Amino acid sequence: MGLFDIFKKRNNEEENNNSKVEEVKNDETDAAVDDEQKTDDNVDQASEQETVTSEEEPQSSDPEENSKESDNEDNADEEQPADEKPVEDDQTKFTEGLEKSRSTFGERLNRLFANFRSVDEDFFEDLEDTLIESDVGFDMAVNLTDQLRDEVKLQNAKSKDDVQNVIIQKMIDIYDQNGNDENTEIHFANQGPTVILFVGVNGVGKTTTIGKMANMYKQQGKKVLLAAADTFRAGAIQQLDEWAKRDGVDIVKKPEQSDPSAVVYESVHKAKDENYDILFVDTAGRLQNKVNLMNELAKMKKVLTREIPDAPHEVLLVLDSTTGQNALNQAKLFKETTNVSGIVLTKLDGTAKGGIVLAIRNELHVPVKYVGLGEKVEDLREFNANDFVYGLFKGLIK
Ligand SMILES: Nc1nc2c(ncn2[C@@H]2O[C@H](COP(=O)(O)OP(=O)(O)O)[C@@H](O)[C@H]2O)c(=O)[nH]1
Ligand SMILES: [Mg+2]
């Protein structure tokens, strides 16, 4: 069974369940239903307000500014849910974190289909625009529209439902094929320390992700070491140091502006000599030019492999999902300079740009291994791409 069929089955099952709930509700008295309606409206309003407020937060284009602001404002313990929801479980958190993407992506496509008159060139132009707006990536939007033109003709789809189904099915098929050999597990060393190198431009969330992951592995009983090899940016070493203290793990650091490779050298020796299980290497995301970046990463790699021949076992590229197409461009550049083995997609809690998940798979062929859903230590999740994409498309499957 193809992924589209699996999604379709799941969608039908969910709709059946919902309609059972509806039936029960309909048995209640009219007055009760009226009341419920009011409550529903209130809830809708409340959640709308929440969205508006978070979107109105001043967003600076300078990532360092952003990080300062959020550091000040959102200190771990102060953050209380605005509404009085009970403590969220894992799944709720994940679902809510992705709700913005889901509703916006679906709404855009719904709007397109609502305006559908006939399968003509205008329609395909609108489709292309909609896909570009949804951050599935420019190349993909254009390719996909071309393929859909052929597919719609091939299947002789004319009615709105037919066309909608062909389009959704095609998108899911392409996504499915591109992910055939994707493995989202973290590669561990067969023996000795596992080295995980973090790369990505400034402000995307490298240090924060290391803090979260280090905590996760520490909880699993692993011996964890951090290497503060972002010696370039003021405050970067201290930021990682704070995470080390919070997580209760060790760190290797040197003064600001030291050679990052010297930090890597010392940390990999320590990891080997003192039997650490995992070494996380934080790096600076200097991208002034590709040659510099390539040289710096190559130097670190050389230092690592001298001690541990198959290191780094993972090179995780961190991407800020709120930057859409920009994140894709960064990814292409990093892919050219280093062997990226996985992606961590951060800030999915604050964005409607979840379409980027499709673009990453279709254009980069690098698996998203983890997603960030907030700034706190518990806001990191393993990524299940199929669940995420199902969420994007459900309701659109006819
Ligand atoms: N909302 C949200 N903020 C995040 C997430 N990950 C990181 N951040 C914030 O993004 C800013 C930059 O993160 P940082 O780890 O310093 O980025 P780095 O420069 O790549 O090391 C900080 O304010 C983080 O708290 C996330 O998943 N969601
Ligand atoms: Mg950092």
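Which helix gives the most residues to the shell around ligand 1? It is H3, with four residues. This report looks at that shell and at one strand of a predicted model.

**Around the ligand**

The shell around ligand 1 holds 23 residues. The closest are Gly205, Lys206, Thr207, Thr208 and Gly372. Two elements, helix H3 (63-73) and helix H9 (206-219), each give two or more residues to this shell. By class, 14 of the shell residues are polar, six are charged and three are nonpolar.

**A strand inside the structure**

Now turn to strand S2, residues 224-229. Is this strand enclosed or open? Six of its six residues are buried, so the rest of the structure largely encloses S2. Its side chains go two ways. Val224, Leu226 and Ala228 point one way, while Leu225, Ala227 and Ala229 point the other way. Both sets are buried.

**Its partners**

S2 pairs with two strands, S4 and S3. The table sets out each pairing.

| Partner of S2 | Residues | Sense | Bridges |
|---|---|---|---|
| S4 | 278-283 | parallel | six |
| S3 | 250-252 | parallel | three |

How does the chain get from S2 to S3, and which hand does the crossover have? The path runs through helix H10, residues 236-247. This β-α-β crossover is right-handed.

Key: Residues are numbered from 1 along each chain as its sequence is written. Chains are lettered from A and ligands numbered from 1 in the order in which they are written. This is a predicted model: local features need pLDDT of at least 70, side-chain atom pairs count only at pLDDT 80 or more; totals for chains, interfaces and linings use all residues. A residue is buried if 20 or more other C-beta atoms lie within 10 Å of its own, exposed if 12 or fewer, and partly exposed in between; C-beta atoms are placed from the backbone. Two strands pair if DSSP finds at least two bridges between them. A crossover is right-handed if, with the strands pointing away from the viewer, the path from the first strand over the helix to the second runs clockwise. A residue is near a molecule or strand if its C-beta atom, placed from the backbone, lies within 6 Å of it. Ala, Val, Leu, Ile, Met, Phe, Trp, Tyr, Cys and Pro count as nonpolar, Asp, Glu, Lys and Arg as charged, and the others, Gly among them, as polar.
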